[in-house]
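Subject: Structure handover

Hello,

Here is the structure for you to look through. Please open it first, then read my notes below.

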Amino acid sequence: MRICYRSSATLLCVLVSGLLPALVFAEPKAAPTAVLSEGALSPTQGSEQREAAVAGLATLAEHLPASPPAARTDRIFNVDDYRTLRDAAIGVGFEMYLVDPQAVLAGKPVDQSLHGSGVWRFVVLAGGKGVGLITVARRDGRWTMVEAGASELADEVMTVAARYARLAPRPQLRFVRCQQAVADLIEVSAPAPAARKSAPVYVPLVSARTAIAESRAGPIAPSSVLSDAELADALRHRLQRGLGDPRFGH
């Protein structure tokens, strides 16, 4: 299992062995009637993915020491006492969609260059705030927690989700990661079937704003949105560099 810590600029993942010596993941409950919204930021109540996140949070709450590190950047979750995780809950969940860099470099629109990763992330809520993410993936035929952390990213996701939740009709949201450009975004599409008639726009999260700032004249505001064409143009330079440099990754 990986525990992830998010600093102000980077997400650091370290392999953990021996931290939770008695770590046993509960078998997720089957949910044959659950239907997941493809890629949407949604609670996905009753899904196997969500049940795995719930089980993972319970395991962490049981085994983590009460006192987190003094430095917030070294904490798995953004809480002052890990015992508060006993009262935490699993919030919105979303599949992580990945950008195919070769498709974008070949001139394809970003929305036609995405593929599902099969990895789902869920926001951990404590005191009504997003304090971190739990990542689940299918391993040996069942969904299980594979990663925890990323408190700043959780807060960003909750902020964007809340912004668009106020709209009616509510647009469709997808979490998009461009690994080679080290950039995370939220894709915003009109509700189906209107989504088929209009191109999506993209909300750049802090990693994306940092990544594409070098190709723009000025800073990018957190509330900014980019068209598909604007995003593709901004990503191409980073993609070319990322594909040629093994240090780039996300």
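Start with Phe 175. At 0% relative accessibility, Phe 175 counts as buried. Buried means under 20% relative accessible area, exposed means over 50%, and partly exposed is in between (1.4 Å probe, protein chains only).

Some ground rules. This is a predicted model, where local features need pLDDT of at least 70, side-chain atom pairs count only at pLDDT 80 or more, and totals for chains, interfaces and linings use all residues. Residues are numbered from 1 along each chain as its sequence is written, and side-chain values use heavy atoms, with hydrogens and water left out.

**The chain overall**

The protein chain has 5 helices and 10 strands. These are DSSP runs, numbered from the N terminus: helices are H or I with at least four residues, strands are E with at least two. Of the 250 residues, 46% count as buried. Take the contacts (heavy atoms within 4.5 Å) between residues at least 6 apart in sequence: 56% of them join residues at least 24 apart.

**Aromatic pairs**

A search of the whole structure gives 2 aromatic pairs. Rings of Phe, Tyr and Trp (its six-membered ring) pair if their centres lie within 6.5 Å; planes under 30 degrees apart are stacked, over 60 edge-to-face, and the rest tilted. Phe 94 and Phe 175 have ring centres 4.9 Å apart and planes at 35°, so this pair is tilted. The pair links distant parts of the chain. Phe 94 is in strand β3 (residues 89-99) and Phe 175 is in strand β7 (residues 172-178), 81 residues apart. Phe 94 is buried too, at 0% relative accessible area.

Trp 120 and Phe 122 form a stacked pair, with 6.3 Å centre to centre and 25° between the planes. Trp 120 is buried at 4% relative accessibility. Phe 122 is buried at 0%.

**Nonpolar cores**

A nonpolar core is a set of buried Ala, Val, Leu, Ile, Met, Phe, Trp, Tyr and Cys residues joined through side-chain atoms within 4.5 Å. In soluble globular proteins, nonpolar side chains tend to be buried together. The largest core here has 23 residues. Phe 77, Leu 85, Val 124, Ile 134 and Val 136 have the most contacts inside it. Two or more residues each come from α1 (48-63), β4 (114-126), β5 (129-139) and β6 (142-149). The largest share, 5 residues, is from α1. Another core lies apart from this one, with 21 residues, including Val 176, Cys 178, Ala 183 and Leu 226.

**Backbone points**

Which residues does a cis peptide bond join? They are Ala 168 and Pro 169, with omega about -5°. Pro 169 lies in the loop between α3 (151-165) and β7.

Most residues other than glycine have a negative phi, and most peptide bonds are trans. Ala 150 has a positive phi, near 60°. Ala 150 sits in the loop between β6 and α3, and is buried at 0% relative accessibility. Val 182 also has a positive phi, near 55°. Val 182 is in the loop between β7 and β8 (183-189). At 23% relative accessibility, Val 182 is partly exposed.

Best wishes
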